[in-house]
Amino acid sequence: MQSTALTYAIGDIHGCNEQLDALLERIDAHADGRERTIVFLGDYVDRGPDSASVLRTVSRLQWSDPDHVVCLMGNHERMLLDSLTTEEAALHWLSNGGDATLESFGARDVSGLPSNILDWLEGLPTLHSDARHWYVHAGFRPGTLPEESDVHDRLWIRDVFLDGDHDFGRHVVHGHTPQREGRPERRPFRTNLDTGAVYGGALTAGVFTDEAGPADHFLQVRA
């Protein structure tokens with residue numbers, strides 16, 4: 001009999017490398033040798049203590065197993081990249097936690113970050129899907145087709161996506177809006193996996209299968 005495919009979607013990390021390492025160990029133990037896909041929902045950097053280690057861990061995982069590790073872009077990666085273009089964008093990124101990212105790399109400004117990491121970030125997609133799920137950092141504007149949705153919305157949207165329950169044809173798995181109580185938000189048509197790890201909450205992986213939309217269950221690590 002063919003085993004059920006497992007997908008582990010991980011919410012916003014924001015430099016919390018110790019929690020990430022522990023969560024990846026829990027995923028390995030839970031998968032127990034079964035084929036699995038890991039989808040990172042973005043926001044690897046900023047605010048937390050070790051964005052450099054998080055980026056090294058996540059990028060190396062993706063490089064070593066590109067068929068089973070998906071890394072999406074978050075709005076904080078977009079802010080980091082935009083900071084390369086104008087002083088205003090750089091100030092905006094720094095005021096949103098970019099200073100912690102620079103410190104973790106021992107860099108004075110964004111130009112001091114490793115070029116291979118910047119190139120990797122620039123190439124990150126903003127959307128992933130399987131038969132039953134859409135994976136995205138922030139969400140979609142109601143009434144749009146996810147595959148045709150605005151990239152800015154995928155990275156930044158909140159209110160109109162979060163207000164009410166909107167059916168996008170597949171269950172939407174996202175992060176971006178921290179749940180300060182440390183529990184994932186479970187709705188009929190979406191699951192929010194940003195459980196505020198950088199604010200003292202948990203780092204969460206939702207476990208999804210090819211047989212259902214909502215998460216089968218969750219794995220969590222707290223600081």
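**Exercise 1.** Which side chains meet in a salt bridge at 3.1 Å, N to O, with that of Arg 78?

*Solution.* The model is predicted; local features need pLDDT of at least 70, side-chain atom pairs count only at pLDDT 80 or more, and totals for chains, interfaces and linings use all residues. Residues are numbered from 1 along each chain as its sequence is written, and side-chain values use heavy atoms, with hydrogens and water left out.

Step 1. Apply the criterion: a salt bridge is a side-chain nitrogen of Lys or Arg within 4 Å of a carboxyl oxygen of Asp or Glu. The side chain of Asp 82 meets that of Arg 78 at 3.1 Å, N to O.

Step 2. Locate the pair. Arg 78 and Asp 82 are four residues apart in helix α3 (residues 75-82), so about one helical turn separates them. Helices (H or I, at least four residues) and strands (E, at least two) are DSSP runs, numbered from the N terminus.

Step 3. Classify the accessibility. Buried means under 20% relative accessible area, exposed over 50%, and partly exposed in between (1.4 Å probe, protein chains only). Arg 78 is partly exposed at 22%, and Asp 82 is partly exposed at 31%.

**Exercise 2.** Determine which parts of the chain the salt bridge between Arg 141 and Asp 153 ties together.

*Solution.* Step 1. The side chains of Arg 141 and Asp 153 meet at 3.1 Å, N to O.

Step 2. Arg 141 lies in the loop between β5 (133-135) and α6 (151-156), whereas Asp 153 lies in helix α6; the pair therefore ties together parts that are twelve residues apart in sequence.

Step 3. Arg 141 is partly exposed, with 38% relative accessibility, while Asp 153 is buried, with 9%.

**Exercise 3.** Describe the pairing of strand β7 in its sheet.

*Solution.* Step 1. An open sheet with mixed pairing contains five strands in the order β4-β5-β6-β8-β7. Its edge strands, each pairing on one side only, are β4 (128-129) and β7 (185-186).

Step 2. Two strands pair if DSSP finds at least two bridges between them. Two bridges join β7 to strand β8 (residues 190-192) in the antiparallel sense; Arg 186 has Thr 191 as its bridge partner in β8.

Step 3. A salt bridge also links Glu 185 and Arg 190, with the closest N and O atoms 3.0 Å apart. Arg 190 is buried, at 4% relative accessibility.

**Exercise 4.** Is strand β2 (residues 36-40) mostly covered or mostly uncovered?

*Solution.* Step 1. Five of its five residues are buried, and β2 is mostly covered.

Step 2. Arg 36, Ile 38 and Phe 40 lie on one side, and Thr 37 and Val 39 on the other.

Step 3. Strand β1 (residues 6-10) runs parallel to β2, joined by five bridges.
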